[in-house]
2 protein chains.
Amino acid sequence: MDIPAGSYVVIFANRLKPDHPGYKEMAQQMMDMVEKQPGFQGAVSLREGLDGVTISYWESKEAIATWREVPEHLQAQQSGQSQWYDHYDLQVCKVEDARGFSAG
Amino acid sequence: MDIPAGSYVVIFANRLKPDHPGYKEMAQQMMDMVEKQPGFQGAVSLREGLDGVTISYWESKEAIATWREVPEHLQAQQSGQSQWYDHYDLQVCKVEDARGFSAG
């Protein structure tokens, strides 16, 4: 993923509760929705058991703020706190330097 | 992990080649070493099959630059490009906002 310096990134590191009914469907719905958000540049999402990380890249902080207020996303945030997450940490960061490597 | 605004973060998203002899041992050695580096604040590392993400948090860009030049780390970077990684993307970012949640 080619992310230019000056982009913004949201790092969302979380641990699910052992029981998290409905989580997987919500997560898929959010990924489908976020891809259509203005200013969205891409995301990486990995899970190992209950531990997950989602990193999403954005053109601006305003684009992040707009996504945060989308009604379905607000609902997911609320369910996340009340039902699914044991804990999470979230950081909003500005990309200062980016590079990549391909063995291709 | 409590990361204050103003910290720096390195996001390293990678895909291993199907064959990656020696990778696991190196990765463990790097994690053991990085924890003793000045300015290191913490890290999150997840892998799903060949896809991995390591997020490390630092007090300053200088601390990141110092770690990048540690001989064993330079050797790992070189082996990564010549043997282990199919591709990777790396961003250095400044934390502007941080928050967390715990169901506890």
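**View 1. Strands β1 and β3 of chain A pair in the antiparallel sense.** Eight bridges link β1 (residues 8-16) to β3(A) in this predicted model. Within the pair, Ala13(A) stands opposite Val53(A) of β3(A).

**View 2. β2(A) and β3(A) form a hairpin.** Strand β2 (residues 40-48) of chain A pairs with β3(A) over eight bridges, again in the antiparallel sense. Gly42(A) stands opposite Tyr57(A) of β3(A). Two residues lie between the strands. Gly49(A), in the turn, has a positive phi of about 65°.

**View 3. Strand β3 of chain A is largely enclosed by the rest of the structure.** The strand spans residues 51-58.

**View 4. Strands β4 of chains A and B run antiparallel across the two chains.** Strand β4 (residues 85-102) of chain A joins β4(B) through 15 bridges. Here Phe101(A) stands opposite Tyr88(B) of β4(B).

**View 5. Chain B meets chain A through 32 residues from each chain.** On the chain B side, β1 (8-16), β2 (40-48), β3 (51-58) and β4 (85-102) each supply at least two residues. β4(B) gives the most, with 18 residues. By type, this side of chain B divides into 18 nonpolar, five polar and nine charged residues.

Key. Residues are numbered from 1 along each chain as its sequence is written. Chains are lettered from A and ligands numbered from 1 in the order in which they are written. This is a predicted model: local features need pLDDT of at least 70, side-chain atom pairs count only at pLDDT 80 or more; totals for chains, interfaces and linings use all residues. Two residues are in contact if their C-beta atoms, placed from the backbone, lie within 7 Å. Helices (H or I, at least four residues) and strands (E, at least two) are DSSP runs, numbered from the N terminus. Ala, Val, Leu, Ile, Met, Phe, Trp, Tyr, Cys and Pro count as nonpolar, Asp, Glu, Lys and Arg as charged, and the others, Gly among them, as polar. Two strands pair if DSSP finds at least two bridges between them. A residue is buried if 20 or more other C-beta atoms lie within 10 Å of its own, exposed if 12 or fewer, and partly exposed in between; C-beta atoms are placed from the backbone.
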